[in-house]
Amino acid sequence: MFLGKIVLLCTILLLGGFSLVAQNRTIIGRVLDEKDNPVSNASVTIKGSSQGTTTNEEGQFSLNAPASATITVSSINFNTVEWNVSGNNAPLIHLKPSDKALSEVVVVAYGTQKRSEITSSISTVSTETIKNQQITSVGQALQGTAPGVQVVNNNGQPGENPVVRIRGIASILASAAPLIVVDGIVFDGNLNMINPNDIDNFSILKDATASALYGSRAANGVILLNTKLGKRNGIPTITLNSLYGVSSRAIKDYAYLNTKQHFELGWEALKNYFEGEVNPEQIATDNLVDQGFRYNPYGPNFSSPVGTDGKLIAGAVPLWNDDWSKELTRKNAARRDINLGIGGGTEKSRYYFSLGYLNQDGYVSHSGYERVSTRFNYTNDIKDWLQVGAKVSIITSKQNYPNQGTNDFADVIAYTRTLSSVFPIYQHDDNGLLIKDADGNPVYDYGKPNPSRNVNVNRPVLQPTNEVAT
């Protein structure tokens, strides 16, 4: 009886396993275009899941899929096709060219053309793509939206002009920057001065054929920026958007020594310096403040804060604990962006007016970028063959750019990593009490020497400076 139950259980498990296996099948198919040419690198996925594969150079693919699944096949410049797995394990799938891709209007140096008529290498970025991005500059709009275009920001300073490269670097000694053309006019200024909300689309001309009209200036490619215009025969359209956001450091900074750790390590360094002397531990203890830090945050009651054992004396509490990094950087940098746009037109004319304001704080305190921009575009078709118009843009910007990202000790970031909490931001007297001016405001400590005092003056590093006071 017991043996019979075991046999029955094994049979059920075997049949269940066979049933589960039978539900999946291996699909070996091929993807072709309308002329029966193989389509390589086409994406073949199971609808509703992340499982999938790509076709090889012969357009062939192999995929394990449930019998009831639907296969989705897609490729650039082709319409997406869905195919039901049931009933055919070796499908022959044909893709048709995308009418949208072929009829897309592309702006080139000498006017506009349909995508299907272009043989040169051109990439476009549409209005919708720009609109869906959370950006404050034109350079950010180019990042990741056009193949072959590399946009690099050297630092996090708001308003800084990005480095743009098309298909890499074409010259070692000469400039590798592409030519930028805004509404047919060569633009030599800072890309960030252009309000991205005014941009209708981009065209990136990459090869010699696409950029031939601009001559040698276009050796590194051309970026064509086209600003907005209203729609013909349309009622005035008013758009108003206001954005507020914050940005913070993506990777945490290094952990810094506190005052206690700094004093104990300073004692150890001084002891090692006097290692050849008699009783170097006592020498290090007696001279830690006078010959070492010259500042004593523990006050006159602890004139020698570290004992001969290299440990802070019990009961010693710092009278100040200033965090230079906290004072010189922002935890959350705010961004405020407001834009107003008015556009419209008649049968023969179009117009667009915009007003924008951007105020963006940087990670480093006192750093930021403020931009006020206005634009007016107008065109009128006098004849079928004659169009006149005017495009006017007025932009004013202000950039606060503290020294950063260098090896100079005036660099704010290097400054925060050099001064520890041992050295205060504001002056303290010999007793460790805060010094104030006649108006009752604390006085900044520049670390200068004072002949009448022996402690809490004459900072051993970065004197006479105080980045917080600048």
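The model is predicted: local features need pLDDT of at least 70, side-chain atom pairs count only at pLDDT 80 or more, and totals for chains, interfaces and linings use all residues. Residues are numbered from 1 along each chain as its sequence is written, and side-chain values use heavy atoms, with hydrogens and water left out.

**Overall make-up**

- The chain has eight helices and 21 strands; helices (H or I, at least four residues) and strands (E, at least two) are DSSP runs, numbered from the N terminus.
- Of the 470 residues, 38% count as buried, where buried means under 20% relative accessible area, exposed over 50% and partly exposed in between (1.4 Å probe, protein chains only).
- Among contacts with a separation of 6 or more, 59% come from residues 24 or more positions apart; a contact means heavy atoms within 4.5 Å.

**Helix α5**

- Helix α5 covers residues 259–273, and its 15 residues should span 21 Å at 1.5 Å a residue, which agrees with end C-alpha atoms 21 Å apart. The expected span is 1.5 Å times one less than the number of residues.
- Thr 259, Phe 263, Glu 264, Gly 266, Trp 267, Leu 270 and Lys 271 are the buried residues of α5. Seen down the axis of α5, these buried residues fall within an arc of 160 degrees, so they line one face of the helix; the arc is that of the directions from the helix axis to the C-beta atoms.
- The cover over the buried residues of α5 includes α6 (280–293).
- At the N-terminal end, Asn 258 caps α5, with a side-chain oxygen 3.2 Å from the backbone nitrogen of Lys 260. A polar contact is a pair of N or O atoms within 3.5 Å; within protein, one must be able to donate a hydrogen and the other to accept it, and residues adjacent in sequence count only if both atoms are side-chain atoms.

**Aromatic and charged contacts**

- Six aromatic pairs are found in a search of the whole structure. Rings of Phe, Tyr and Trp (its six-membered ring) pair if their centres lie within 6.5 Å; planes under 30 degrees apart count as stacked, over 60 as edge-to-face and the rest as tilted.
- Tyr 295 and Phe 423 make an edge-to-face pair, 5.5 Å centre to centre with 80 degrees between the planes. Tyr 295 lies in the loop between α6 and α7 (324–328) and Phe 423 in the segment after α8 (412–418), so the pair ties together parts 128 residues apart in sequence. Both Tyr 295 and Phe 423 are buried.
- One aromatic cluster is formed by Phe 263, Phe 293 and Tyr 298.
- Lys 448 has its charged end over the ring of Tyr 446, 5.8 Å from the ring centre; the criterion is NZ of Lys or CZ of Arg within 6 Å of the ring centre and within 35 degrees of the ring normal.

**A buried loop residue**

- Thr 136 lies in the loop between α3 (127–131) and α4 (138–142) and is buried, with a relative accessible area of 6%.
- Not counting residues up to four places away in sequence, Thr 136 touches Pro 196, Arg 335, Leu 358, Gln 360 and Arg 371.

**Backbone geometry**

- Most residues other than glycine have a negative phi, and most peptide bonds are trans.
- Asn 279, in the loop between α5 and α6, has a positive phi near 55 degrees and counts as partly exposed at 39% relative accessibility.
- Asn 456, in the segment after α8, has a positive phi of about 60 degrees and is buried, with a relative accessible area of 3%.
- Gln 463 and Pro 464 are joined by a cis peptide bond with omega about -5 degrees; Pro 464 is in the segment after α8.
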